[in-house]
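The sequence and structure are shown first.

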Amino acid sequence: MSLFRLVYREIWFRKLGFALGVLAVTIAVAALAGSLLLLNLHDRRTEEIVAAKETQTQAVMAKLEDEIRVITKNLGFNIRILPKDVNLLDFFAKDYADKYMPEEYVDRLANSKIVSINHLLPILQRKIDWPEEKIPALLLVGTRGEVPILAQDKKKAFIPAVPKGKIVLGNLLERGHQPGDAVVLHGRKFVIHKIQPRRGDQDDITAWIPLADAQEMFDKKGLINGMLALGCNCNADRLSVIRQEIMEILPETQVEEFETKATARAEARTKVAEEAKAAVAREQEHRAELRGEKEAFAALLVPLTLIAACAWVGLLAWSNVRERRAEIGLLRALGLRSVQLLTLFLSRAVLVGVTGAVPGLLLGVVVAASLGDGATAAEPGHVIGLLWIIVAAPLVAVLASWLAALSALRHDPANILQQETS
Amino acid sequence: MLELIDVGKTYPKAGSNVPAITSVTLRVDAGEFVAVQGPSGAGKTTLLLVAGALLRPDQGTVRVGGDDVYQLSNEARARLRALRIGFVFQQFHLIPYLSALENILAAGVAHGGPDLARRAETLAEELGLTPRRHHLPSELSSGERQRVALARALLHNPSVLLADEPTGNLDEQNAVMVFDRLASFAQQDGAVLLVTHDKAAAGRATRRCVLEAGRLSEPRP
Ligand SMILES: Nc1ncnc2c1ncn2[C@@H]1O[C@H](COP(=O)(O)OP(=O)(O)OP(=O)(O)O)[C@@H](O)[C@H]1O
Ligand SMILES: [Mg+2]
């Protein structure tokens with residue numbers, strides 16, 4: 001007969017004692033596995049909630065971004081860079097600057113590492129009449145289209161260059177013409193490229209031609225009299241930041257900011273983004289708080305049940321050894337060695353651990369699922385990750401029963417048999 | 001086969017030490033059935049435990065089949081108990097959760113051996129236990145329990161059989177059955193050492209000694 005048959009028969013004979021030990025292990029394992037799973041479920045739910053919030057925010061932001069693109073396209077820029085010696089009184093009276101700077105300035109900015117502005121547009125503009133069409137005054141803008149800033153990600157250019165030999169007309173300058181018609185401006189022939197929709201501002205009496213044509217017409221080869229840019233919405237004091245950056249690169253200029261719907265919307269967008277970020281942060285904070293509470297509870301519950309279960313398993317093992325004193329004496333008389341005696345009691349402890357751990361783990365999963373954040377199911381991977389408990393539980397049970405098993409070794413068989421026989 | 005030479009054992013007790021056996025010399029050869037008779041407290045159980053390699057004496061030598069029992073390692077002594085010594089006690093000492101047959105086989109837990117299962121069946125048959133072999137000790141009569149204990153002691157076919165008051169709890173019919181088995185074990189070249197306070201029981205032996213206050217004497221025939 002093997003030692004293990006002895007273990008098995010003894011357990012079957014003293015079912016209650018064994019079951020009590022198993023129950024303790026089951027409860028402790030359920031508490032441990034349940035707590036770990038609950039925290040895991042909590043984290044996953046948090047991820048889901050935050051991810052959902054972020055997706056929502058991103059959708060809102062993307063929509064805003066689109067709107068801004070549209071609006072900006074119509075309403076232009078909010079930063080104007082003029083030659084340093086331009087008198088602003090003159091500028092606003094005439095709608096253009098009568099001082100000039102090298103066209104090469106725009107390339108200098110474009111090749112710099114500037115971050116506070118983007119969408120750079122060089123222009124040469126002047127207010128003139130249009131005798132051929134009998135228009136007393138229009139703003140003629142020569143532009144070569146948007147110049148990308150090399151250091152920045154290439155954003156979609158929203159002001160294309162006017163093609164060579166073409167003219168783009170503001171809505172009020174249309175005068176019965178259609179795109180494709182040829183017109184003559186101060187003796188120069190242009191083909192109408194596009195007629196802008198009505199905007200209700202100066203754009204309606206503005207005509208755009210290639211920069212090179214404008215430079216020839218005004219005899220300003222290689223010169224421009226302004227640059228437009230879109231300033232960043234970096235912060236409240238952005239103008240001084242922009243000014244500082246530009247001044248470092250182009251000291252012979254001045255920088256003005258003008259309000260447009262674009263800037264207003266950009267500001268709104270920044271605000272919405274900030275609020276959305278804050279909302280996500282608030283949610284994260286709230287979830288972290290909840291997790292803290294759950295953690296604190298687990299930190300109390302788990303060690304308490306573990307200690308109680310260990311004490312209980314140890315006590316039961318002790319009482320099992322006491323109950324089996326006569327048996328120990330007899331087995332010694334039958335030649336059982338210390339290792340075999342230890343195996344007899346410790347393999348019982350292993351069985352208590354394993355038998356308790358399996359239902360304990362299942363119970364933990366069930367409890368965690370019923371207490372957890374409803375929608376999120378336990379991840380199979382994480383449950384499998386808890387299988388170490390099934391290995392650990394018998395080890396802990398062995399440790400808890402260790403002293404009891406050692407005490408079995410210390411029982412003197414002669415003493416036992418003497419007492420039992422006389 | 002079993003030899004005790006000048007063996008003494010004193011139990012340390014608070015105050016005065018109690019000498020349980022003093023300078024006992026005894027030899028039980030193969031084929032002998034020796035009874036040691038003595039009153040309660042004379043040291044009979046002590047003598048048996050010392051002879052059975054379970055209680056180290058303070059003095060003297062114990063030999064089983066030529067081996068100096070208490071010079072052996074713990075391991076070797078355990079092996080000796082398992083294979084070469086059989087014990088029978090007054091209280092039977094059956095394992096409560098094993099059936100009669102399993103209790104007989106319990107002698108094979110420490111050291112297995114070939115064909116132990118068949119031998120257990122044979123012993124059960126021989127001792128009239130076959131109909132009861134699947135019963136737990138609690139379901140057996142005293143006589144049946146002692147027969148199970150006897151079969152267990154005989155499982156490994158030891159060279160020495162030690163019996164401590166084996167019939168103390170039995171009626172006459174069962175007592176006779178046990179003594180018959182001890183006698184037949186001796187006849188098959190075993191050495192039997194029986195300790196008892198019962199004069200009649202001692203009468204079954206081939207040789208009788210008296211233990212009194214720890215001292216052994218052999219009455220002249
Ligand atoms: N563990 C012990 N500690 C102290 N004294 C003991 C111990 N075991 C036995 N004794 C004492 O040793 C003496 C011999 O005891 P032992 O049990 O050998 O006697 P016995 O002849 O078997 O008696 P009985 O016929 O009643 O069984 C007794 O006086 C007993 O009180
Ligand atoms: Mg006694």
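## Interface between the chains

In this predicted model, the contact draws 30 residues from chain B and 27 residues from chain A. The size of an interface is often expressed as the accessible area lost when the parts come together. Here the area buried between chain B and chain A is about 2600 Å², and carbon and sulfur atoms give 64% of it. On the chain B side, H93(B), Y97(B) and V109(B) lose the most area to chain A, together accounting for 29% of what that side buries.

## Polar and charged links

Three salt bridges are counted between chain B and chain A. In one salt bridge, the side chains of E102(B) and R9(A) meet at 2.4 Å, N to O. Ten residue pairs are in polar contact across the interface of chain B and chain A, with both residues at pLDDT 80 or more.

Helix 1 (44-51), helix 2 (74-84) and helix 3 (100-105) of chain B each supply at least two residues of the side that touches chain A. Helix 2 of chain B gives the most, with four residues. By class, this side of chain B comprises 18 nonpolar, seven polar and five charged residues.

## Helix packing in chain A

Within chain A, the axes of helix 9 (residues 338-371) and helix 11 (residues 388-410) come within 7 Å and cross at roughly 145°. The crossing of helix 9 and helix 11 of chain A is right-handed.

Residues of helix 9 of chain A, including F345(A), G353(A) and L361(A), meet residues of helix 11 of chain A, among them P394(A), W402(A) and L409(A). This contact has 21 nonpolar, three polar and no charged residues.

Note on methods
Residues numbered from 1 in each chain as written. Chains lettered and ligands numbered in written order. Predicted model: local features only at pLDDT ≥ 70, side-chain atom pairs only at ≥ 80, totals over all residues. Heavy atoms only, no water. Axes fitted to C-alpha atoms, helices over the stretch in contact; angles between N-to-C directions. Left-handed = near helix turned anticlockwise from the far one by under 90°. Contact = heavy atoms within 4.5 Å. Nonpolar A, V, L, I, M, F, W, Y, C, P; charged D, E, K, R; others polar. Buried area = accessible area lost by both parts, 1.4 Å probe. Salt bridge = Lys/Arg side-chain N within 4 Å of Asp/Glu carboxyl O. Polar contact = N/O pair within 3.5 Å; in protein donor to acceptor, adjacent residues only side chain to side chain.
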